[in-house]
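Here is a short briefing to read alongside the model. Have the viewer open and follow along.

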Amino acid sequence: MKKLIEVTAAIKTFAALVFAGAIIVYTVFGGWFFDVNAIPLSLVWQLLFISLLASILQFIFFSDNVFPRMRYVHRFVFFAVPLFALVGTFAYAFRWFPVHSAVNWGIFFLVYLFFFGIITVVFELYAKITGKRFTAMLDAYNARHS
């Protein structure tokens with residue numbers, strides 16, 4: 001039961017971060033490039049649901065619970081494909097753009113790669129900073145107790 005609560009809390013926290021990021025990105029880029037000054041409520045719900053599903057995917061591919069020995073680079077590749085399928089399904093189902101144009105899908109794919117790259121870099125930097133901080137704390141602990 002304790003493990004279930006920990007997993008649920010991790011998924012919920014990541015979903016909140018993804019949702020907040022999606023709202024910020026939509027607000028900033030929608031305002032700059034598309035003269036959007038409001039977010040439709042239906043899109044808010046769509047982004048919330050995508051955030052939850054993306055968080056579940058993130059847990060599946062980046063925790064050692066499901067794939068204990070998978071290399072990190074493989075995790076990114078195997079995570080990127082179903083995430084694109086998820087976001088693409090929402091784009092198609094809710095007609096985020098004219099979906100019968102190959103050019104629009106190409107642009108959508110490039111935008112996806114761009115933001116996936118940014119998110120990857122941000123999480124890598126966060127992990128590096130956090131890892132260094134925890135390493136320093138562990139070194140200090142070991143120095144005090146040796």
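The notes below go from confidence and overall shape to helix packing.

This is a predicted model, in which local features need pLDDT of at least 70, side-chain atom pairs count only at pLDDT 80 or more, and totals for chains, interfaces and linings use all residues. Residues are numbered from 1 along each chain as its sequence is written, and side-chain values use heavy atoms, with hydrogens and water left out.

**Confidence**
- The average pLDDT (the predictor's confidence in each residue, from 0 to 100) is 87 for the protein, and 99% of the residues score at least 70.
- Helix α2 (residues 41–62) has the highest confidence, with a mean of 93, while helix α4 (residues 102–144) has the lowest, at 84.

**Overall shape**
- The protein has four helices and zero strands, where helices (H or I, at least four residues) and strands (E, at least two) are DSSP runs numbered from the N terminus.
- Its radius of gyration is 18 Å, whereas a compact globule of 146 residues would be near 15 Å; the radius is taken over C-alpha atoms, and the globule rule is 2.2 Å times the number of residues to the power 0.38.
- The C-alpha trace spans about 65 × 30 × 30 Å along its principal axes.

**α1 with α2**
- Helix α1 (residues 2–34) packs against α2 at an angle of about 135°, with axes 8 Å apart; axes are lines fitted to C-alpha atoms, for helices over the stretch in contact, and angles run from 0 to 180 degrees between N-to-C directions.
- The two helices are therefore oblique to each other (under 35 degrees counts as roughly parallel, over 145 as roughly antiparallel, 65 to 115 as roughly perpendicular and the rest as oblique).
- Residues in contact (heavy atoms within 4.5 Å) include Phe-14 and Phe-19 of α1 and Leu-47 and Phe-59 of α2.
- By class, this contact has 17 nonpolar, three polar and no charged residues (Ala, Val, Leu, Ile, Met, Phe, Trp, Tyr, Cys and Pro count as nonpolar, Asp, Glu, Lys and Arg as charged, and the others, Gly among them, as polar).

**α2 with α3**
- α2 and helix α3 (residues 72–93) pack at about 160°, with axes 10 Å apart.
- That angle makes α2 roughly antiparallel to α3.
- Among the residues that meet are Phe-49 and Phe-61 in α2 and Arg-75 and Pro-82 in α3.
- This contact has 16 nonpolar, two polar and one charged residues.
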